Amino acid sequence: MTRQEVLSALQSVRDPEIPTISVVDMGIITDVEVESDAHVRVTMTPTFVGCPAIDVMRSDVEAAVRALGVEQVEVAVTFDVPWTTNRLTDRGRAALLEHGLAPPEQFDTLTLELEVLNNVACPYCGSRKTTLKSPFGPTLCRSLHYCNECRQAFEGFKPV
Amino acid sequence: MNQDAVKDLLVRMADDVLILAHRHSEWTGLGPVLEEDIAFSSVAQDKLGHAQALYAILHEHFGMPDPDVMAFGRAEADMRSCHFVELPNAEYDFSLVRHLLFDASEYVRWSALRESSFEPLAKLAHKIHGELKYHLYHAQTWIVQLGSQGSEESKARMQSALNAAWPYALGLFESRSGDADLVASGFFPGEDALRAEWEVLVQGILEKSSLTMPHDHAAVLGGRDGYHSEFLAPLLVEMTEVYRIDPSATW
């Protein structure tokens, strides 16, 4: 059993709120330790502290590793490595777009200014002539926007 | 580490966000526009998460009961929330003003806690700080819009709500006997230092909003010692209803 095999297996675990993206591409798996073929430890971190999907994803992660034949699976949820949207993989960003969500820009976590929310590229037409309607959307990780070019409302995955 | 002082600090911080989360959630389905309904509900959900994370630290590191018992299993006199978060939502102007004043204080507090000598709290602070940017941004946007960019009526209502909220908001920064030890050990910077920073942050936002910061008010205190406003008891009755019927209920 290798770390890579565990990560490949975890590609099958999806975010229940955005089923096009895996927990790996979301960047919420922060560590995988393979003690032996029979003992694997996975560390994960929630996107938002109050994310209601974390318990479901935690048990899905455990089940996916167990399905590899690992007897002892430990899954810890910690804030040791805090999640930020910079942890999204390129494949993760593409998956968000596929779900109709504008992917967040890469940013410097120390100097994030929320004005960036006003120039989010529209997931439908690509225009940056967009306006932030609300920093809060249907789930904690999304914001609401309007495209002044193609005149459609859309949701963004907000930079954190 | 002065364990009693740490517990006092973390419990009052957690209780404040727990109770305000409940108040914010009362806008669910009732917000003046759909986006505001969603915004207050989202802020409430974030804040519940913050309360849970603080109760989890208290449970794991300081032997306090688990987060559900802390949130739903305590008597009113054992709660340590301040009166500010207990007040009913009233009109939207008051809710927005409370949202601004509270989140400005949270922003200042959690910014400082990133440097806390207590590592689990510092790690949590890095995470929560990023979320609070959105809370403060939301509150600030509306305060500016209804203040300097609004009508005479909206501005007058915001000022009046601000004046009413102010003495209660000062109660967020009540110093406690054990705080000096926590300041000395670098656990947190102390309530007076936080309040001074908060006033600067709030002053800047109010200036942009053409609103005047109230002065010379005595803070409304008591919650940190278990003496609460008349509004907490009925809130707890509603919030703990399911837990009291079945403490093991999950949903």
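**Figure 1. Four strands of chain A form an open sheet.** This view comes from a predicted model. The strand order is β6-β9-β8-β7, and the pairing is mixed. Two strands sit at the edges: β6 (101-102) and β7 (130-134) of chain A. Each edge strand pairs on one side only. Strands of a sheet pair through backbone hydrogen bonds, either parallel or antiparallel.

**Figure 2. β6(A) pairs with β9(A) in the parallel sense.** Strand β9 of chain A covers residues 153-157. Two bridges link β6(A) and β9(A). Look for L101(A). Which residue of β9(A) stands opposite L101(A)? The residue is E155(A).

**Figure 3. β8(A) has antiparallel partners in β7(A) and β9(A).** Four bridges join β7(A) to β8(A). Here S134(A) stands opposite L144(A), a residue of β8(A). Five bridges join β8(A) to β9(A). There Y146(A) has A153(A) of β9(A) as its bridge partner. β8(A) and β9(A) also form a hairpin, with five residues between them. In the turn, R151(A) has a positive phi of about 55°. Is strand β8(A) largely enclosed or largely open? Five of its six residues (142-147) are buried, so β8(A) is largely enclosed by the rest of the structure.

**Figure 4. Chain A divides into two domains.** Domain 1 spans residues 3-77, and domain 2 spans residues 90-157. Their centres, taken over C-alpha atoms, are 26 Å apart. Where they touch, domain 1 of chain A gives eleven residues and domain 2 of chain A gives nine. On the domain 1 side, β2 (18-22) and α2 (23-26) of chain A each supply at least two residues. The largest share of that side comes from β2(A), with three residues. By type, the domain 1 side holds five nonpolar, four polar and two charged residues.

**Figure 5. V77(A) lies in strand β5 of chain A.** This strand covers residues 72-77. Is V77(A) buried, partly exposed or exposed? V77(A) has 18 other C-beta atoms within 10 Å. A residue needs 20 or more to be buried, and 12 or fewer to be exposed. Therefore V77(A) is partly exposed. Leaving out residues up to four places away in sequence, V77(A) touches M44(A), T45(A), P46(A), I54(A) and R58(A). Now find S12(A). S12(A) and V77(A) are 65 residues apart in sequence. In space, they are 19 Å apart, C-alpha to C-alpha.

**Figure 6. Chain A and chain B meet.** In this contact, 17 residues of chain A face 21 residues of chain B. On the chain B side, α2 (34-62) and α6 (119-146) of chain B each give two or more residues. Which element gives the largest share of that side? The answer is α6(B), with eleven residues.

**Figure 7. Helix α1 of chain B has 23 residues.** The helix covers residues 3-25. From first C-alpha to last, α1(B) reaches 32 Å. That is close to the 33 Å expected at 1.5 Å a residue. An α-helix has 3.6 residues a turn, so residues three or four places apart point the same way. In α1(B), 17 of the 23 residues are buried, so this helix is largely enclosed by the rest of the structure.

**Figure 8. The largest nonpolar core holds 113 residues.** In soluble globular proteins, nonpolar side chains tend to be buried together. Six residues touch the most other members of this core: V23(A), V61(A), L10(B), A14(B), A51(B) and L54(B). Which element gives the most to the core? Helix α1(B) does, with twelve residues. Both domain 1 and domain 2 of chain A give residues to this core, so the core lies between them. Zoom in on L10(B). Beyond its neighbours within four places in sequence, L10(B) is in contact with L54(B), I57(B) and L58(B).

**Figure 9. Chain A has four helices and nine strands.** Along the sequence, the pattern is α-β-β-α-β-β-α-β-α-β-β-β-β. The C-alpha atoms fill a box of roughly 55 × 30 × 25 Å along the principal axes. Of the 160 residues in chain A, 42% are buried. Take contacts in chain A between residues at least 6 apart in sequence: 52% of them join residues at least 24 apart.

Notes. Residues are numbered from 1 along each chain as its sequence is written. Chains are lettered from A and ligands numbered from 1 in the order in which they are written. This is a predicted model: local features need pLDDT of at least 70, side-chain atom pairs count only at pLDDT 80 or more; totals for chains, interfaces and linings use all residues. Domain bounds come from an automatic or database domain assignment. Two residues are in contact if their C-beta atoms, placed from the backbone, lie within 7 Å. Ala, Val, Leu, Ile, Met, Phe, Trp, Tyr, Cys and Pro count as nonpolar, Asp, Glu, Lys and Arg as charged, and the others, Gly among them, as polar. Two strands pair if DSSP finds at least two bridges between them. The expected span of a helix is 1.5 Å times one less than its number of residues. A nonpolar core is a set of buried Ala, Val, Leu, Ile, Met, Phe, Trp, Tyr and Cys residues joined through C-beta atoms within 7 Å.
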